[in-house]
Amino acid sequence: MIALERADTTRHRAEFVVAGGDPQPWRDDFARAARVARQVGLHDVRLHLPGARQTRDDEDGELSAVAPAGNAPPAAVDRAGAARLTAAARQTGATGVAEETEDGPPRHRWLQEGAILAYETTFEHAPSSRDLVAVYTPLMLATFGPQEADLMKLRVSIYEMCANLVEHGRPRRAPAVFTLGLRFLPGRIEGFLQDGCERFNPAEQPGGSVVQRAARRQPRGYGIAMFLQLLDRFEHEYTAAGNRLLFSKGIEA
Amino acid sequence: MTQGQDSPARALPAFLIVERDPLPDGTMRMALRGHLDADGAAELQEHLENLLEKGVRRVELDFTQVPFISSSGVGSLISSIGEYRDDGGDIVLARLSSGLRGVLKMLDLLDYVTLSQG
């Protein structure tokens, strides 16, 4: 199992860490994650590999590494020249590790509990965060390995929920942020979106199906209909903390 | 022709529209690159409207390098397809990934759009 440790859109870099499990399974996970990272414009894809042997400092001051026996990198990723293995500067791979990036949003952390991997990423409540959601979401999903069709439905659904929240949510307090949580369970992915806004339930907005909107040739307003149709479950809760959107989708192995 | 502009504020790569040689029947071919989100959708819709004003009636959009489409992208496509059909033309979607095709199928839009047989 691998986990997304951070995505740096300024440096076009994605960093993953081996979160546990046998050596073999992460090779496919990393190859898939590297492909997705390149799709979202992150061409420097790194994997922190416990037990890797440091060989030299490169121009970025990062440590290049030689994989330990049995942990050779995926050949396809190597040939593409877009990914590299990096020796971890700290202990990785321990169960329950949580790592947080720099102080400002997005703040990202992951947690491994046995075979279950969970993420929480906090974004600024701003239109610019839509792009960051579009970067983080597929990278997190890729570490769990859903099929392409399920991956896309989840990407679209989460993006549309976040876009809706940013567009219509009215923050009640500073800092104006929202948190995306994802939890990968056997056969399904569960998630939540938590904001600090006034009450707003997207499912109560006037809508109609995507086909009905298409028949009326409406150029806008597809977002809510899309995630309601693409997800298996969607619920809205409102508490003193704000709106909490709960969702889940079954996935094929 | 290539359209699209890098913006330092954007985390994602710029959306690009690359015009290719037209087909013998006059169909204008365009390859799309990048995320078809709100920014890309506005750019694509404007481009398609300009072509329609110039007399182009049939366009094929190559989605090979489109990894993601948002509701804005879906909305702009549907709106543009309607305009072309009103003028006796159409917009054909080509080489959609299995993921994008799956989204359109789940939204019951596969019967609404015209997919390339190639």
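Predicted model: local features only at pLDDT ≥ 70, side-chain atom pairs only at ≥ 80, totals over all residues.
Is the crossing of α3(A) and α4(A) left-handed or right-handed? Some notes as you look around.

1. Residues are numbered from 1 along each chain as its sequence is written, while chains are lettered from A and ligands numbered from 1 in the order in which they are written.

2. Back to the helix pair. The crossing of α3(A) and α4(A) is right-handed (the near helix is turned clockwise from the far one by less than a right angle). Residues 129–144 form α3 of chain A and residues 148–168 form α4, with axes that come within 10 Å and cross at roughly 150°. That makes α3(A) and α4(A) roughly antiparallel (angles over 145 degrees, taken between N-to-C directions on a scale from 0 to 180).

3. Now the two chains: 30 residues of chain A are in contact with 28 residues of chain B (contact puts C-beta atoms, placed from the backbone, within 7 Å). On the chain B side, α2(B) gives the most, with 7 residues.

4. Have a look at Leu51(B) too, in helix α1 (residues 38–53) of chain B. Leu51(B) counts as buried because it has 20 C-beta neighbours inside 10 Å (buried takes 20 or more). Beyond its neighbours within four places in sequence, Leu51(B) is in contact with Met28(B), Val56(B) and Val59(B).

Conventions
Helix = DSSP H or I, 4+ residues; strand = E, 2+ residues; numbered from the N terminus. Buried ≥ 20, exposed ≤ 12 C-beta atoms within 10 Å, placed from the backbone. Parallel < 35°, antiparallel > 145°, perpendicular 65-115°, else oblique.
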